[in-house]
Amino acid sequence: MAMWGRRGRGVVAAGLAVILIAGCSGGDDGGATMGAGGESSAAPPPPKPVTLTLALNDGAADVSPGLPVIATAADGKLTDVKLTNADGKVVEGKMNPESTQWTNTEPLGYSKTYKLSATATGADGKTETKESSFTTVKPRTLTYVSVNPQDGTTIGVGQPLAFYFDEPVADKVAAEKMLEITTEPKVEGAFYWFNKKEVHWRPEKFWKPGTKITMNIKVYGKHVGDGIYGQEDRTITTTVGDEVIYEADGQTHQVNVKVNGQVVRTMPTSMGKPADATPTGTYVLMEKYSHMVMDSTTYGLALENGGYRTPVDWAYRMSNSGIFFHGAPWSVGDQGHRNVSHGCLNLSQENAKWVFDNSKQGDVVIVTNSGGPPLQEWDGFGDWQVPWSTWVQGNR
């Protein structure tokens, strides 16, 4: 009896263990399965369908041709994209390496109709196609942007970058964003507007010799206000040469020429007489002529009122108002002693020829002690007459 009792208790215990185990493993597990480590793993989600997006809605009008036309695929890849004009001509474009975005590489025309058709395949293997027709804007007129300095030139350290729109610019901030300037090494600079058509860019101080400058004029298809759009994109490159600075003193009547900080030549000069005193300030050499006629009537001084019409050699323009370095054999006796010109810096023929041969656009002339008024900022490249604190405000 005692032995049977112990055996019976063992059977009951074993039976209870079976019930407990059965209770732990029973019930609804919601589709989850037990992993080897006792962790549950959910079934993978089904593959997603592609989301195909066209940047321009069907029927869009007045689209700027300067904006990119884009097709994008999410959760899938683009398999075919075609942009055509009204004649069925295909507009060139480029797909990114992942085949998830297409963008046109060929510019659109103004006042034209286009059709964009794109097909994409999703991760679920299903395809989707979308189409969009749109029309580009019709400008009231176009504006072309001229640039000084010219492409491929070597300039002096004082040369500003000048941009000339042939139509007035209403949105000057937008226009500035279309003028991309990069330099090597990097140089900080700012724009300053001289009028509604002309804007210059320069650094705070003179350029460093050897600086490489690239100007990307990205105006095509873009609006500068009042229905005026850019006519043509351009790229201009130029390089800064040696630092050449002419220091012209109206009291000593001498011009010291410094190249990269070293005095290389000293030249006697005769500046403007007291009635026509040469303006003081920082000039930038602009253009040169081996022979020209100096004609006072071009700026309003008649011959009968003390004007002149005189042939000269080796003339280098310093301002739009008619200030030049030039050869003046008739005043050699005055050069180095007194100021007798109508405002120009008279030199001997030999010295004028030296300036002509050894200078470049953008070299600097600093005139002091002439008794004249300050050079005006708008007279030639009088940019350096504007204090930097004023310049960076933009004069918009």
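Reply: One definition comes before the rest: a polar contact is a pair of N or O atoms within 3.5 Å, and within protein one must be able to donate a hydrogen and the other to accept it. The model is predicted.

Me: What makes the pair His326 and Asn346 a polar contact?
Reply: The side chains of His326 and Asn346 are joined at 3.4 Å. The cut-off is within 3.5 Å, so the pair qualifies.

Me: Why is His326 called buried?
Reply: Its relative accessible area is 4%. His326 sits in strand 28, residues 324-327. Leaving aside neighbours within four places in sequence, its contacts include Met294, Trp314, Cys344 and Asn346.

Me: Which residues carry the "active site" feature, and where does that label come from?
Reply: UniProt, in an unreviewed entry, places the feature at His326 and Cys344. Such annotations may be inferred rather than shown by experiment.

Me: How do you know that they cluster in space?
Reply: They are spread over 19 residues of sequence, yet the largest C-alpha distance is 7.5 Å. Cys344 also touches His326, and other residues it touches include Ser270, Thr278 and Phe324.

Me: Why does Cys344 count as buried?
Reply: Cys344 has 7% relative accessibility. The limit is under 20%, so Cys344 is buried. Cys344 is placed in the loop between strand 28 and strand 29 (345-347).

Me: Is Ser64, a loop residue, buried or exposed, and why?
Reply: Ser64 is in the loop between strand 4 (60-63) and strand 5 (70-74). Its relative accessibility is 14%, which is under 20%, so Ser64 counts as buried. Not counting residues up to four places away in sequence, Ser64 touches Val137, Gly221, Lys222 and Tyr229.

Me: How do you know that strand 14 and strand 17 pair?
Reply: Two strands pair if there are at least two bridges between them. Strand 14 (residues 161-165) and strand 17 (residues 198-203) have four bridges, so they pair, in the antiparallel sense. Within this pair, Ala162 has His200 of strand 17 as its bridge partner.

Me: What makes strand 12 and strand 16 edge strands?
Reply: The open sheet has four strands in the order 12-14-17-16, with antiparallel pairing. Strand 12 (145-148) and strand 16 (189-193) each have a single partner strand, so one side of each is left without a neighbour in the sheet. From one strand to the next, the twist averages 20°.

Methods. Residues are numbered from 1 along each chain as its sequence is written. This is a predicted model: local features need pLDDT of at least 70, side-chain atom pairs count only at pLDDT 80 or more; totals for chains, interfaces and linings use all residues. Side-chain values use heavy atoms; hydrogens and water are left out. Helices (H or I, at least four residues) and strands (E, at least two) are DSSP runs, numbered from the N terminus. Buried means under 20% relative accessible area, exposed over 50%, partly exposed in between (1.4 Å probe, protein chains only). Contact means heavy atoms within 4.5 Å. Axes are lines fitted to C-alpha atoms, for helices over the stretch in contact, and angles run from 0 to 180 degrees between N-to-C directions.
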